[in-house]
Amino acid sequence: MTFDNLPTLITLLIALSVATERVVEIVKGFFWQLNEAREDPRLEAKRRFWLHLLAVGGGIAVTLAAWPAVREVVPGTGDWTMVAALGLLASGGSGFWNTILSYVLKIKDLRKEDLRAAQQGASGRAPLRQPSEGTLAP
Amino acid sequence: MPQTDSLARFFDTGVSRWTPWHQSFEQPVHKLYDTWNADPDRSTLGGYVGTTKGLQAMIQRSLDEERSLRALGGGWSWPPIAATAGTLLNTRPLNYRFNLRVDQIHGDRKLVFVQCGMSIAELNVYLAAKGLALKTSGASNGQTIAGALSTGTHGAAYRVGAVPDYVVAIHLVTEPGRSVWLERDSEPAVVDSVAGHVGAELVRNDDLFEAALVSFGSFGIIHGLVLEVDELYHLNAWRTKITLDQALWDAIEAADFDGLDLPGSDAGFPLHHFELLVNPYESGQAAGDLEVFASLMYRHEGACPDGAKRASQHGRFAQGDGTLELIGKLTDVFPGLTDDLSGLADKLKFKDSRNVCGPPGDVFRDTTTRGKSASSAMGVPLNRLREALEIGRVAILEEKAPALISVRLVRASRATLAFTHHQPVTAVFEIDGADSARVHHVYRRVQDAVRSAGIPYTYHWGKIHKLNADRVRELYGNRIQDWIDARHELLPTRELRRVFANTYTDQLGLSD
């Protein structure tokens with residue numbers, strides 16, 4: 001994997017995140033305590049905590065369920081740390097990963113600029129020229 | 001007096017902070033100028049002399065303002081070797097190239113004269129068009145020739161050496177109104193008149209020349225270089241896994257691979273490039289015969305062998321520094337991921353390929369990515385490589401650092417401060433990885449352990465090291481004083497020496 005296929009990894013995380021969001025929505029539907037916002041700030045904080053926990057658990061479950069597809073993109077043996085890390089990342093939500101993806105695509109464009117700059121000099125303000133060969137004699 | 005065209009042109013970039021290619025630090029600068037020849041489309045002697053005068057005017061201004069002045073090449077080094085809070089001159093656009101006639105050359109050699117800003121990539125293209133090739137270069141090609149020289153950049157050409165070993169004359173701009181054409185007295189490169197053509201004072205002195213080769217921009221501004229080159233040759237490259245067993249260790253320690261059954265060796269061409277990549281996580285906790293990736297290149301003076309795949313600038317292999325940065329951040333937070341992600345780094349660095357062939361310019365390719373990777377290269381004698389490698393392998397495993405080890409063999413250099421000076425061949429033992437806290441811990445641990453084991457070692461000046469003035473004296477001994485004496489001879493006043501010093505040379509005790 002190179003930087004160039006980092007967008008593929010992030011696209012996978014978006015897919016996992018969308019699935020995790022669906023899992024959270026389904027589970028929330030079964031429990032009104034989770035589904036309805038509370039007016040009491042203390043109870044609302046508690047509800048949000050459980051939703052975050054549910055998102056992480058959902059992320060891990062989705063990653064495990066999708067492992068045959070995930071391993072095509074992510075190298076490694078898939079021990080628990082890898083699954084937990086991906087689950088945690090998936091629980092960030094698809095909106096978050098969409099934003100990251102747009103950043104990464106922008107960075108790819110910048111890297112093309114970096115290459116151009118490297119070919120031109122530190123500031124990259126003007127393209128380098130390739131002068132014709134001269135002789136060392138007056 | 002040589003005829004002078006218009007002086008060089010200096011364009012103020014307006015940049016107040018400069019970052020090198022690998023983003024290893026950020027340097028506030030007083031001014032960063034792009035430096036251009038008056039006529040960038042034609043290499044003319046008058047234009048070259050005009051640029052020399054422009055550089056001398058810049059030195060005068062730095063003396064007047066009491067500021068440091070550094071020539072900036074490709075910005076490839078990790079430490080602040082080219083950095084200064086004073087004035088930075090981007091020399092990258094200075095890429096004139098000159099043919100040397102046979103009657104201007106001492107001996108039967110192929111020489112070209114090029115300006116300091118020419119990159120290795122440009123040189124490869126220029127030389128290939130003339131049916132010539134560099135004897136060796138680094139693994140990538142973005143460095144300028146003057147930058148690669150000044151840091152002692154090397155490849156893995158164990159019969160050839162590093163970049164300083166094919167530079168045979170240096171045109172050094174040292175002060176207002178003075179520049180010197182420096183060559184070895186024992187092996188003059190060009191006839192006396194050439195120095196006069198470029199308006200320089202001819203100095204033939206082995207000690208000064210060997211000291212100026214690896215001098216980090218501290219001897220003045222290197223404006224031009226005479227390079228000894230070869231007829232265009234081809235490299236037949238093989239990259240595959242092999243076992244680092246006792247037979248291979250014996251060959252490495254003798255720097256003699258004849259008779260060894262290496263991939264690609266059956267065609268009978270001489271081995272030119274020898275490099276190993278060790279992934280400590282794949283090779284396991286126990287020492288013994290290690291499975292390593294070997295990169296072997298055989299030199300063909302003629303065309304590529306039948307059936308070989310053609311090397312191309314646009315092939316699938318590319319480095320992935322940006323991904324290394326991501327790996328570094330992830331493994332700092334989740335150490336348990338290191339094992340898996342180092343496998344990924346392994347794949348980034350080397351892909352299995354067999355029987356690929358091309359001229360050097362197509363084999364050593366463009367590095368297209370930029371990011372916070374880390375690299376540290378240590379030079380050790382061949383007979384101590386095995387111990388050093390084991391120290392590095394264990395340190396990486398115990399620190400759970402996302403890093404790989406590569407080993408390259410380089411013929412010993414004559415340059416006074418070449419880090420590849422261990423005779424007869426220096427083993428360069430390199431730890432590359434993500435720019436993470438764990439990798440930096442490994443660098444410190446390895447330096448301490450190698451020193452404790454009594455292994456003679458040196459460090460690549462352009463890569464990460466943990467040296468200070470005392471340690472540099474300890475490693476290089478009398479060579480340091482020889483280098484300082486040579487600097488005093490070429491830069492006779494304290495003021496001049498201050499102009500060509502920076503915090504890096506201060507830290508290493510090399511400024512005065």
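A: Helices (H or I, at least four residues) and strands (E, at least two) are DSSP runs, numbered from the N terminus, and two strands pair if DSSP finds at least two bridges between them. This is a predicted model, in which local features need pLDDT of at least 70, side-chain atom pairs count only at pLDDT 80 or more, and totals for chains, interfaces and linings use all residues. Residues are numbered from 1 along each chain as its sequence is written, chains are lettered from A and ligands numbered from 1 in the order in which they are written, and side-chain values use heavy atoms, with hydrogens and water left out.

Chain B holds an open sheet of 9 strands with mixed pairing, in the order E18-E19-E15-E17-E16-E21-E22-E20-E23. Its edge strands, each pairing on one side only, are E18 (309–310) and E23 (458–459) of chain B. Strand E19 (residues 353–358) of chain B runs antiparallel to strand E15 (residues 234–244) of chain B, and 4 bridges join the two. B:Leu235 has B:Gly358 in E19(B) as its bridge partner.

A disulfide (a pair of cysteine sulfur atoms within 2.5 Å) joins B:Cys304 to B:Cys357, with an S to S distance of 2.2 Å. B:Cys304 lies in the loop between strands E17 (290–300) and E18 of chain B, and B:Cys357 in strand E19 of chain B, so the pair ties together parts that are 53 residues apart in sequence. The torsion about the S-S bond of B:Cys304 and B:Cys357 is about -85 degrees, so this disulfide is left-handed. Both B:Cys304 and B:Cys357 are buried, where buried means under 20% relative accessible area, exposed over 50%, and partly exposed in between (1.4 Å probe, protein chains only). A search of the whole structure finds 1 disulfide over all chains.
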